[in-house]
Amino acid sequence: MLPAGLRPRGINEVGWEDGEQIGRSGRPSGAAVEGVAVTRRVLVVGASRGIGKELVRQYLGEGWRVHATVRDPETGAVPAAPGDQLRIHRLEVRDRDQLADLVAVLGPASLDVAIHNAGVYRAPRAEMMAINAEAPIRVAEALLAAGSIAEGGKIVLVTSQLGARRGRQGSLGDYGDSKAALNDALRDRAADWSRRGVIAVVVHPGWVRTDMGGSSAPLSVEESATGIRELIEGLTAEDHGRFWTWDGREHPW
Ligand SMILES: NC(=O)c1ccc[n+]([C@@H]2O[C@H](COP(=O)([O-])OP(=O)(O)OC[C@H]3O[C@@H](n4cnc5c(N)ncnc54)[C@H](OP(=O)(O)O)[C@@H]3O)[C@@H](O)[C@H]2O)c1
């Protein structure tokens with residue numbers, strides 16, 4: 001049973017045509033071209049619950065066109081949106097076929113921002129590494145290879161402060177190791193991704209009251225998502241390849 005006001009939406013349920021683009025100027029969002037407002041476009045991967053769902057809600061509220069992915073569109077609850085503002089896509093982030101389908105549907109220069117938020121905290125180590133470390137990089141590289149990110153667009157991979165080694169050499173635990181591996185992968189690819197004209201970062205969302213963060217976490221999803229959006233808005237080329245917190249501070253590796 002879905003909470004009131006929420007409803008599942010099928011992958012092609014929303015009425016906009018495949019390949020339709022708004023604001024294909026290649027400029028970062030917020031710009032106006034020849035007096036015409038450009039609708040900004042964001043992809044949120046892992047939008048069924050928690051921080052990802054709140055990011056979708058807030059971006060919709062700000063008038064962005066939102067692509068949201070959920071593992072199961074039949075049960076994944078995301079906020080409803082008028083008209084063609086929201087499009088739901090099926091994506092289990094380890095599924096290469098579903099990723100290929102998503103990239104094909106998005107089309108070139110279709111995004112100003114892509115946020116890989118999906119993650120797990122309790123799972124066998126191999127699963128944790130596949131979801132938290134390998135999938136975000138594979139998703140980002142698929143988007144880059146297809147030219148889905150507009151010139152000057154942003155890729156944001158949600159990591160955790162528990163993946164910060166801070167000089168330690170031993171294991172950080174399975175979850176910490178998976179996020180550390182994600183952080184390492186971002187740094188490894190930063191130069192290449194920069195040449196492709198995007199700004200890419202890893203972001204710690206804070207300790208947040210979600211299914212993952214638990215009820216004693218100090219931050220609400222609203223606070224975390226608001227901070228993440230503001231951080232993204234302010235990112236410049238100088239911030240590329242670095243580790244940030246939801247409240248705009250640089251985090252040590
Ligand atoms: N909450 C915190 O305190 C905290 C702190 C540091 C970092 N983080 C990070 O922030 C991100 C969001 O966390 P959250 O607290 O919002 O977690 P959450 O409430 O547990 O939600 C996790 C989201 O990831 C999706 N997901 C998990 N595995 C997936 C897969 N294999 N394919 C596609 N989607 C998948 C889930 O979809 P389903 O509904 O289908 O499971 C859900 O939408 C994660 O990357 C997490 O590691 C959270």
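# Exercises on a parallel open sheet

Seven strands, in the order E7-E5-E4-E8-E9-E10-E11, make up an open sheet with parallel pairing. The model is predicted: local features need pLDDT of at least 70, side-chain atom pairs count only at pLDDT 80 or more, and totals for chains, interfaces and linings use all residues. Residue numbers run from 1 along each chain as its sequence is written.

**Exercise 1.** Find which strands are the edge strands of the sheet, and how far neighbouring strands are turned against each other.

Solution. Start with the terms: helices (H or I, at least four residues) and strands (E, at least two) are DSSP runs, numbered from the N terminus. Two strands pair if DSSP finds at least two bridges between them. By this rule, strand E7 (86-90) and strand E11 (243-245) each pair on one side only and are the edge strands. Neighbouring strands are turned by 20 degrees against each other on average, direction ignored. For angles, axes are lines fitted to C-alpha atoms, for helices over the stretch in contact, and values run from 0 to 180 degrees between N-to-C directions.

**Exercise 2.** State which strands helix H2 touches and what angle its direction makes with that of E7.

Solution. Contact requires C-beta atoms, placed from the backbone, within 7 Å. Helix H2 (residues 96-106) packs on the sheet and touches strand E5 (65-70), E7 and E8. The direction of H2 makes about 155 degrees with that of E7.

**Exercise 3.** Decide whether the residues of E5 and E10 are buried or exposed.

Solution. A residue is buried if 20 or more other C-beta atoms lie within 10 Å of its own, exposed if 12 or fewer, and partly exposed in between, with C-beta atoms placed from the backbone. In E5, 6 of the 6 residues are buried, so the strand is largely enclosed by the rest of the structure. Arg65, His67 and Thr69 lie on one side of E5, and Val66, Ala68 and Val70 on the other. Strand E10 (residues 199-204) also has 6 of its 6 residues buried, and is therefore largely enclosed by the rest of the structure. Ile199, Val201 and Val203 point one way from E10, while Ala200, Val202 and His204 point the other way. E10 pairs with strand E9 (residues 149-158) in the parallel sense over 5 bridges, and Ala200 is the bridge partner of Ile155.

**Exercise 4.** Explain why Val198 counts as buried, and list what Val198 touches.

Solution. Val198 is in the loop between helix H4 (173-195) and E10. Val198 counts as buried because it has 22 C-beta neighbours inside 10 Å. Not counting residues up to four places away in sequence, Val198 touches Leu144, Ile149, Gly153, Lys154, Ile155 and Trp193.

**Exercise 5.** Identify which residues touch the most other members of the largest nonpolar core.

Solution. A nonpolar core is a set of buried Ala, Val, Leu, Ile, Met, Phe, Trp, Tyr and Cys residues joined through C-beta atoms within 7 Å. The largest one has 59 residues, of which Val44 and Ile115 touch the most other members. Beyond four places in sequence, Ile115 touches Val42, Leu43, Val44, Val45, Leu55, Val156 and Val158.

Technical notes. Two residues are in contact if their C-beta atoms, placed from the backbone, lie within 7 Å.
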